[in-house]
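Please keep the sequence open while going through them.

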Amino acid sequence: MESNERTIEEILNNFHPEDKYALAILHDIQKEYGYISSHSLKAVAKYLDTPISKIFSLATFYDAYSIEKKGRFVIQICNGTTCHAEGSQDILNEIEEALGIKAGETTSDGLFSIEIVHCFGTCAMAPVVACDNTYFGNIKKEQGKEIVKKYKEKVEI
Amino acid sequence: MSKDILVCCDIMCLSKGAEEIADNLISASKDKNVNIKPLVKKVGCQGLCAKGPMVTIMPDNITYYQVQPEDAEDIIASLDREPVERLLHVNSDGKAVCTMQENEYYFMQKRIVLRNVGLIDPSVIDDYINQNGYKGLKKALSIKQKQVIKEIEISGLRGRSGTGFPVKVKWQGCYEAIGKTKYVICNGDEGDPGAFMDRSIMDGDPHSVLEGLIIAAYAVGANKGFLYIRDEYNTSIDRVQAAIEDARAKGFLGQNILGSGFDFDCEIVRAARAYVCGEETALIESIEGKTGMPRKKPPFPTNKGLWDKPTIVNNVETLANVPYILAKGGAEFAKIGVKSSTGTKVFSLVGKVKNPGLVEVPMGITLRQLIFDIGGGIKNGKFKCVQTGGPSGGFIPAKHLDLPIDFDALKASGSMMGSGGMIVMDDSTCMVELARYFLSFLAEESCGKCTPCREGLRCMLDILQRITKGEAEIEDLVILEDLAYASQASLCVLGATTANPVMTTLKYFRDEFEAHIKNKECPAGVCEALANE
């Protein structure tokens, strides 16, 4: 699996070494590796000829990036206002229990992470959970567990 | 006769099987016994998300609701017969209606911004052109820059991102600013939770936004533009990217646009999930590749914006209005709405209403009309309040339901128009807990530059947390109000309005705060720590 990954140099070479591409570069790294490693931080800083502290601050200021490796499946629970009012906390509790981790954490096998998202913009079907670009709306009790089960089965296949 | 079947493929209908419906319609229409071979199109949001997936037959103008993949054969068979009765909408008087216009959800609506959303295939530029697309741009390029700005002035268009700042003032300022290099930016970082107007516009009609941006660029004299789009909005990013490429191929972007001698091109910048980047100067910093921290104003971006060059930042919905104004004339636009707030406003009407969805109404209708006539009233329970303006907006209680929807009236009530998220709460909502929720959101999203916002929010959140646990004293409310007052000293508008949710809940629902503090009880039964007391 690892061999299919693009190297950091391959990612960097798609961009002109200008500050304005810092965010786009970090997006690509995050997508490719699931996080921004210290190795990546150093490589980006060198490529853009900028202090590593600046790249580190970008990677930690913006929620789109993570400096810790995320799981293969990131289960996102929307906690926007509408989802919150419709009981997103209960769903979060259910999913946390099903995976044995808390929001922001990753399972020890590296398969699952839980992430709280501010809003997917799909509030007419609140509460909403998403994973792997699939959206699940109007989630009722017990359905959080089912979603986890569904992705666990995917892993087994 | 050719017919189009428009299948709503917005995220919410997709999650209920819209893709499969579209596929089934296509395969059902291939049956050799079918006389009319329709063209099945995947379109943007048709509005009544609560009754999705929606399917509309054109030109017959028949709309079906809660369609299932199994319904495809019946829909195809009905094309040269009577409509499929079981899929029609039934109004509250018990009458089944065929057209959207007869559906009471749409009675009061007026679609200007959403003129094409749900009707055209957003990935086909010719669909947009056939609906008078790029006519506004042609008109603009045929007149002087000043005349374009004059049209916008006559239209009375105000920014749709929240504050309602007159668009003309920004454009005029940037036009007059000295400098050869200028920029235009589309703010597509729709960060308010509970809002999906801009997403629906970008997903359902990306060219309307792009055309608005090109017109804006021509008016102010910019040759380069950026569309800063929210990271979570994958579809929007894909659609706008495709729209840019198609527009370039047709000569609406690039060198010498439509032979006018005007050069303009633009690109997407993918945002990175920071609420503060909805603020225009923070957004500019972010495009420059920095952390999104607001700048002090003045200088205003119109003089010193992106890379210190004159820049305008307009939001998605604002820009989507622009082609309409140019094509129809500012005076025509100004006839819609009320004097100080012209045109329409798109809302995502969500929460405890019967009919959550995407609506567009003329400015000036009342909140009551929006929530009860269009939204169908409250699902279960009793109306408590409506939350407008996002986390830094406020709550509007029942006694203000007859307020008209316009920028100034909403501001006077202590809330604000905001970008258009309208979240309805019923009596199962604890206002103290909700205020705590907003503060926790804002505390997490504060960029940390100004002390009143960074520290003030944390202190306010601490108090709110103690109130919801029944550990606060009545004096805490005084401190809360002091902190709320002090937060106005923050640099940016987001910081300065962070206390709005606290201020409006204290103003209208003080009794709930007092019940938590004095009686150690949560009237709505939400706060767990006080549940069994």
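1. The structure is a predicted model, and local features are described only where pLDDT is at least 70. For side-chain atom pairs the cut-off is pLDDT 80 or more, whereas totals for chains and interfaces use all residues.

2. Chain A contains seven helices and four strands, and, read from the N terminus, its elements follow the order α-α-α-α-β-α-α-β-β-β-α. Taken along the principal axes, the box filled by the C-alpha atoms of chain A is roughly 50 × 35 × 20 Å.

3. The four strands of an open sheet in chain A are arranged in the order 2-1-3-4, with mixed pairing. Strand 2 and strand 4 (134-136) of chain A are the edge strands, each pairing on one side only, and from one strand to the next the twist averages 20 degrees. Strand 3 of chain A pairs with strand 4 of chain A in the antiparallel sense, over three bridges; in this part of the sheet, Val129(A) stands opposite Phe136(A), a residue of strand 4 of chain A.

4. Chain B has an open sheet of four strands in the order 2-1-3-4, and here the pairing is mixed. Its edge strands are strand 2 (39-43) and strand 4 (62-64) of chain B, each of which pairs on one side only, and the twist from one strand to the next averages 20 degrees. Three bridges link strand 3 (residues 55-58) and strand 4 of chain B, which pair in the antiparallel sense.

5. How many residues of chain B are in contact with chain A? There are 51 residues of chain B in contact with 35 residues of chain A, and the two chains bury about 3200 Å² between them, with 59% of that area on carbon and sulfur atoms. Of the area that chain B buries against chain A, 17% is supplied by Ala272(B), Arg273(B) and Tyr437(B), which is more than any other three residues supply.

6. Polar contact between chain B and chain A is counted at 18 residue pairs, with both residues at pLDDT 80 or more. On the side of chain B that touches chain A, the elements giving two or more residues are helix 1 (11-14), strand 9 (265-270), helix 11 (280-287), strand 11 (344-351), strand 15 (421-426) and helix 16 (431-445) of chain B. Helix 16 of chain B provides the largest share of that side, namely eight residues. Sorted by class, the side of chain B that touches chain A consists of 25 nonpolar, nine polar and 17 charged residues.

7. The rule applied here finds three salt bridges across the interface of chain B and chain A, and over all chains the count comes to 43 salt bridges. One pair that crosses between chains runs from Glu86(A), in the loop between helix 5 (81-85) and helix 6 (88-99) of chain A, to Lys379(B), in the loop between helix 14 (367-374) and strand 13 (383-388) of chain B. In this salt bridge between Glu86(A) and Lys379(B), the closest N and O atoms are 3.8 Å apart, and the cut-off for a salt bridge is within 4 Å.

8. Some backbone details deserve a look, because most peptide bonds are trans and most residues other than glycine have a negative phi. In chain A, the peptide bond joining Ala126(A) and Pro127(A) is cis, with omega about -5 degrees, and Pro127(A) is in the loop between strand 2 (112-117) and strand 3 (129-131) of chain A. In chain B, a cis peptide bond runs from Gly52(B) to Pro53(B), with omega near -5 degrees, and Pro53(B) lies in the loop between strand 2 and strand 3 of chain B. Asn132(B), a residue other than glycine, has a positive phi near 70 degrees; Asn132(B) sits in the loop between helix 4 (125-130) and helix 5 (135-142) of chain B.

Notes. Residues are numbered from 1 along each chain as its sequence is written. Chains are lettered from A and ligands numbered from 1 in the order in which they are written. Side-chain values use heavy atoms; hydrogens and water are left out. Two strands pair if DSSP finds at least two bridges between them. Axes are lines fitted to C-alpha atoms, for helices over the stretch in contact, and angles run from 0 to 180 degrees between N-to-C directions. Contact means heavy atoms within 4.5 Å. Buried area is the accessible area (1.4 Å probe) that two parts lose on being put together, summed over both. A salt bridge is a side-chain nitrogen of Lys or Arg within 4 Å of a carboxyl oxygen of Asp or Glu. A polar contact is a pair of N or O atoms within 3.5 Å; within protein, one must be able to donate a hydrogen and the other to accept it, and residues adjacent in sequence count only if both atoms are side-chain atoms. Ala, Val, Leu, Ile, Met, Phe, Trp, Tyr, Cys and Pro count as nonpolar, Asp, Glu, Lys and Arg as charged, and the others, Gly among them, as polar.
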